[in-house]
Amino acid sequence: MKLNCLGITLFALMMALPGFAKDKRGKQAMKIISYNIEYGMRADTTAGKTIFSTWMRNQDPDIVCLQEANKFTQKSLEALAASYGHPYAVLQKEKGFPTAITSKYPIVNIMKVENNMWHGFVMGTINGYHIISLHLSPHRYESRQLDIDLILETIRQNGPFEKWLIMGDFNSVSPADAGKYADGRLADRLRKEEEKRPALKNLVNGEIDYSVHQRILDFGFIDSARLDKNFSEKNFGARIDFIYISPDLKSAFTGGNFIIDDFTKKYSDHRPVYMTWEK
């Protein structure tokens, strides 16, 4: 009898440990958030970014991918991540516009890429899932094309095309949303911006550039938000933040969309994107 009680107690403790949380069907539920936090969450002026930390604890993601982790160091990112329950964190670089990953679980096989890219990306493996946090150029479509080609080639050369999630600020729109931009307003806005700033080159022969996302889709990735039954084009203007998944994860997908609440409306010029799935 004592042995049975001990076994039950040990099982309960295991279920409470990170990595053992199960849903009602006995599968492990996972949640990831991708968030461009605008210049290092500068709108949260509290010491230690406590407002951001509180919001993130309430969201309780297993993994977070950040863009524009400006002015963070590896140590300060680790401290922030720990404040919302993530003992693991990796910062791509400590200057400019870094990308980052934080996690409840160990991040292994880390790759930080900056050379030959606009902002660069960081990659790591978490619980067997290969995660990329990226930030593409906001100014030139040629740069975005070069960056995404490098990222896709990195994926191609790193094992089978399984358990891959790439996400971040793509600074470009998808052909899947082309109907949203058919009224010409986005193209007109980009055209006016280029007239004011000749260094900008976001249009291709005066037309919206869909090439970055088309290459991702042609590679075989799936736009996770469009798998969600509540996905609506009314929830965004020009959608440039995405979470893409390899095809093998489609059946595991349980939800994913923009997070729109009082916090996200105020503290960044981007809305975070989340995805949940079953492991």
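**Exercise 1. Which residue of β6 does Lys112 stand opposite?**

Before you start: this is a predicted model, where local features need pLDDT of at least 70, side-chain atom pairs count only at pLDDT 80 or more, and totals for chains, interfaces and linings use all residues. Residues are numbered from 1 along each chain as its sequence is written, and side-chain values use heavy atoms, with hydrogens and water left out.

Solution. Go to strand β6, residues 121-126; strands here are DSSP runs of E, at least two residues long, and helices are runs of H or I, at least four long, numbered from the N terminus. Strand β6 pairs with β5 in the antiparallel sense over four bridges, where pairing takes at least two DSSP bridges between two strands. Lys112 sits opposite Val122.

Now zoom out. β5 and β6 belong to an open sheet of six strands, in the order β5-β6-β7-β8-β12-β11, with mixed pairing. Its edge strands are β5 (108-113) and β11 (222-223), each pairing on one side only.

**Exercise 2. Find the buried face of α3 and what packs against it.**

Solution. First list the buried residues (under 20% relative accessible area; exposed is over 50%, partly exposed in between; 1.4 Å probe, protein chains only). In α3, residues 50-59, these are Phe52, Ser53, Trp55, Met56 and Gln59.

Next, look down the axis of α3: the buried residues fall within an arc of 165°, so they line one face of the helix. That arc is taken from the directions from the helix axis to the C-beta atoms. As a reminder, an α-helix has 3.6 residues a turn, so residues three or four places apart point the same way.

Then check the neighbours, taking contact as heavy atoms within 4.5 Å. The buried residues of α3 pack against β1 (29-36), α2 (38-41), β2 (63-67) and α4 (74-83). Just past the helix, Asp60 takes a positive phi of about 50°.

**Exercise 3. Asn127 and Asn171: where are they, and are they buried or partly exposed?**

Solution. Take Asn127 first. Asn127 lies in the loop between β6 and β7 (129-135) and has a positive phi of about 50° although it is not a glycine. At 26% relative accessibility, Asn127 counts as partly exposed.

Asn171 is in the loop between β8 (164-169) and α6, and its phi is positive too, near 50°. With 18% relative accessibility, Asn171 counts as buried.

**Exercise 4. Which residues are closest to the centre of the largest pocket?**

Solution. The pocket holds about 810 Å³ of space. Here a pocket is an open set of points on a 1 Å grid over the protein atoms alone, where a 1.4 Å probe fits, with protein on both sides within 12 Å along at least five of seven lines; lining residues have an atom within 4 Å of a point. Of the 32 lining residues, Asp169, Asn171, Arg189, Ile240 and His270 are closest to the centre. Helix α6 (185-196) gives the most to the lining, with four residues.

Technical notes
Points joined across faces, edges and corners; volume = space filled by probe spheres on them.
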